[in-house]
Amino acid sequence: TNTHTETITDEVYAMLNDKFVGLVENEMAMWIRFHRYWLERDDIPILVLRFEDLIRDPTSQMYRVLEFLSDLYPLPNEWCQSVQQSCGSSTSSPSSSASGTGGTALLGSYRPRTATSKKGSIGKSLAKGRYSDDLVQKLHDIAKKESSAGTNLLEHFGYDIFQQNFPSNFEEGGKSIPEIHSVCPLTAGNTKPKGIVKINSGPELRSPNNPYGRAMTKWRHGLTNNDKNPFPTVPRS
């Protein structure tokens, strides 16, 4: 759609189903490779945040971000108060668990579209019925193949539908949700690794002839007369 606020209609999804299936299979492999690259680094400090945790308890997750960036343990009270005000919570503390005590009502234009329905925003795409049982199984098979030996990244993040009952596991707050830590855990007294991150350097995750990613723009232009006749869309819910 070339926007962040619109989605194509169900009729367009049906017409382009083969392209959609190829896209999600390709993006599963890209997702695994991307996260493997960062999770396997040990030369720079990395903080891992899950979308689901930000939805369930934005206050505690923002504490984690500030602690990671500042190396301050505990955070100054005024910082905590600012986070609580921004997240609509006055009770959480830096030691709060992901209990869903935070809110997002005060985030203005940064508020998620589904902020008033935490359950509905987790795994929402699965509820739309666009993923057949065969496709869901294929995505899990791709994830297992692409993951490093002994570490299935879908399970690592709590996203395995068959083994962890995603997304219900996040709605229920069950034991099948793995706890996510920094790749290089930072605690008082630790020294941050002094690595270097080079942007746009080295081999790309996608091959030059990959039909997805940036190539999707050219593909869309070919079907819409350079966006002069765009696909019909509806507002994202």
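Asp 71 has a relative accessibility of 37%, so Asp 71 counts as partly exposed; buried means under 20% relative accessible area, exposed over 50%, and partly exposed in between, with a 1.4 Å probe and protein chains only. This is a predicted model, in which local features need pLDDT of at least 70 and side-chain atom pairs count only at pLDDT 80 or more, while totals for chains, interfaces and linings use all residues. Residues are numbered from 1 along each chain as its sequence is written, and side-chain values use heavy atoms, with hydrogens and water left out.

Asp 71 sits in the loop between α4 and α5, and its phi is positive, about 65°, although Asp 71 is not a glycine. Pro 74 is found in the loop between α4 (58-70) and α5, and the peptide bond leading from Tyr 73 into Pro 74 is cis, with omega near -5°.

**The overall picture**

Zooming out, the chain has 12 helices and 2 strands; here helices (H or I, at least four residues) and strands (E, at least two) are DSSP runs, numbered from the N terminus. Reading from the N terminus, the elements go β-α-α-α-α-α-α-α-α-α-α-α-α-β. Among the 237 residues of the chain, 34% count as buried. Of the contacts with a separation of 6 or more, 67% are between residues 24 or more positions apart, where contact means heavy atoms within 4.5 Å.

**Aromatic rings**

How many aromatic pairs turn up in the whole structure? The search finds 10, where rings of Phe, Tyr and Trp (its six-membered ring) pair if their centres lie within 6.5 Å, and planes under 30 degrees apart count as stacked, over 60 as edge-to-face and the rest as tilted. One of them is the edge-to-face pair of Tyr 37 and Trp 38, at 5.0 Å centre to centre with 85° between the planes. Tyr 37 is partly exposed at 43% relative accessibility, and Trp 38 is partly exposed with a relative accessible area of 25%.

The pair of Tyr 159 and Phe 170 is tilted, because the ring centres are 6.2 Å apart and the planes stand at 45°. This pair links distant parts of the chain: Tyr 159 is in the loop between α9 (153-157) and α10 (161-164), and Phe 170 is in helix α11 (residues 168-172), 11 residues apart. Both Tyr 159 and Phe 170 are buried. They also belong to one aromatic cluster with Trp 31, Phe 157 and Phe 166.

Elsewhere, the charged end of Arg 130 sits over the ring of Tyr 13, 3.7 Å from its centre; the rule asks for NZ of Lys or CZ of Arg within 6 Å of the ring centre and within 35 degrees of the ring normal.

**Helix residues and cysteines**

Thr 224 has its place in helix α12 (residues 215-224). Its side chain reaches the backbone oxygen of Arg 220 at 2.8 Å, a polar contact (a pair of N or O atoms within 3.5 Å; within protein, one must be able to donate a hydrogen and the other to accept it, and residues adjacent in sequence count only if both atoms are side-chain atoms). Leaving aside neighbours within four places in sequence, Thr 224 is in contact with Asn 229, Pro 230 and Phe 231.

Ser 86 belongs to helix α5 (residues 77-87). Ser 86 and Pro 58 are 28 residues apart in sequence and 9.4 Å apart in space, C-alpha to C-alpha.

As for disulfides, the count is 0, taking a disulfide as a pair of cysteine sulfur atoms within 2.5 Å. The table lists accessibilities for two cysteines and some of the residues above.

| Residue | Relative accessible area | Class |
|---|---|---|
| Cys 80 | 7% | buried |
| Cys 87 | 4% | buried |
| Thr 224 | 1% | buried |
| Ser 86 | 35% | partly exposed |
| Asn 165 | 43% | partly exposed |
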